[in-house]
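Visitor: I'm new to this one, and I'd like to learn how to read its aromatic rings. Could you walk me through them?

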Amino acid sequence: MLDFTQAIIDGIAIGSLYALIAIGYSMVFGVLQFVNFAHGELFMLGAYFVMLFLTMGAPLWVAILFSLLSVGTIAVVIERIAYKPLRKHSRLAPLITAVAMSLFLQNIIQVLFSPNSLSFPINIPGNIVTLGELFVRIRDIGIFSLTLLLAFLLELFLFKTKAGTGIRALAMHADASKLCGVPFNRTVSLTFFIGAVLAVIAGTIQGMATNQIFPLMGVNAGLKAFAAAVLGGIGEIRGAVLGGLVLGISESMLVSYGLSTYKDGFAFVILILVLLIRPQGILGRTQLVKV
């Protein structure tokens, strides 16, 4: 029981990062019914942009702010240039384009920086507090708390603001919302921007926690976050958070019980099981489709 509890505590931080990335997947899918497989690369770009601004001498908060604006703008430009022209095509076309965009961003970073891992300029101290026989990193508490806070603020934005209401309207019924005056293109761009902001925060935390970044860091994190979004119920913000935490804790348990070799594949085992047993996810709702 002690090992079980310790595994849960250790898995919360990595699960929180998966949750932040998974929210971006859920929001874009909810609005466009489209899986943006380049979203993991926004996580990677965020870490690189923060590192770049820090090495230029900017304070941490300035580096993060500029990175949020830069990567958010890149996400909007990608949507306008690569995805928008394909909206009226089959769903396969934007999906393939997203995979191509993912590979493009990875290679651009390798050319501009290096294909090797780079040291992140700032790291989060791994100070530990003890709770009886359990060990808890203070940074893990901070990461988990920040994730919950950001998810709460996002829900407030979606339910208490006009722009947030527009996003929810598009997710419910795109055609009806456009007839009601919701600016479709602007709302889609805002959705991509918000998802990119959360991915940048996750990438920055990852860089400071592990003290290294590399061009392919978004591949595994992005795929696992997608699995987390499906697990929780893709299109549901709370489902994305729940799915990320469940996946992170599950991976931590595998490591705790000596099965770390299989932790990267476990996300996809979960994905297959969810699609077989409950395709709508834990918090997802079954949708009736008129044929």
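Visitor: Let's start with Phe 34 and Tyr 83: are they buried or exposed?

Guide: Both Phe 34 and Tyr 83 are buried in this predicted model.

Visitor: And how is a pair of aromatic rings described?

Guide: You give two things, the distance of the centres and the angle of the planes. A search of the whole structure turns up seven aromatic pairs. One of them joins Phe 34 and Tyr 83, with 4.9 Å centre to centre and 65° between the planes, which is edge-to-face. That pair links distant parts of the chain, 49 residues apart: Phe 34 is in the loop between α1 and α2, and Tyr 83 is in helix α3.

Visitor: Why is the pair of Phe 53 and Phe 66 edge-to-face?

Guide: Look at the angle: the planes of Phe 53 and Phe 66 stand at 75°, with the centres 5.6 Å apart, so the pair is edge-to-face; the cut-off for that is over 60 degrees. Phe 53 lies in helix α2 and Phe 66 in helix α3, so the pair ties together parts 13 residues apart in sequence. Phe 53 is buried because its relative accessible area is 15%, under the 20% cut-off. Phe 66, at 41%, is partly exposed.

Visitor: Which rings are linked into a cluster?

Guide: Tyr 25, Phe 37 and Phe 226 are, through ring pairs.

Visitor: Which residue lies over the face of Phe 159?

Guide: That's Arg 168, at 4.3 Å from the ring centre. Likewise, Lys 178 lies over the face of Phe 184, at 4.7 Å from the ring centre.

Terms used
Residues are numbered from 1 along each chain as its sequence is written. This is a predicted model: local features need pLDDT of at least 70, side-chain atom pairs count only at pLDDT 80 or more; totals for chains, interfaces and linings use all residues. Side-chain values use heavy atoms; hydrogens and water are left out. Rings of Phe, Tyr and Trp (its six-membered ring) pair if their centres lie within 6.5 Å; planes under 30 degrees apart count as stacked, over 60 as edge-to-face and the rest as tilted. Helices (H or I, at least four residues) and strands (E, at least two) are DSSP runs, numbered from the N terminus. Buried means under 20% relative accessible area, exposed over 50%, partly exposed in between (1.4 Å probe, protein chains only). A charge sits over a ring if NZ of Lys or CZ of Arg is within 6 Å of the ring centre and within 35 degrees of the ring normal.
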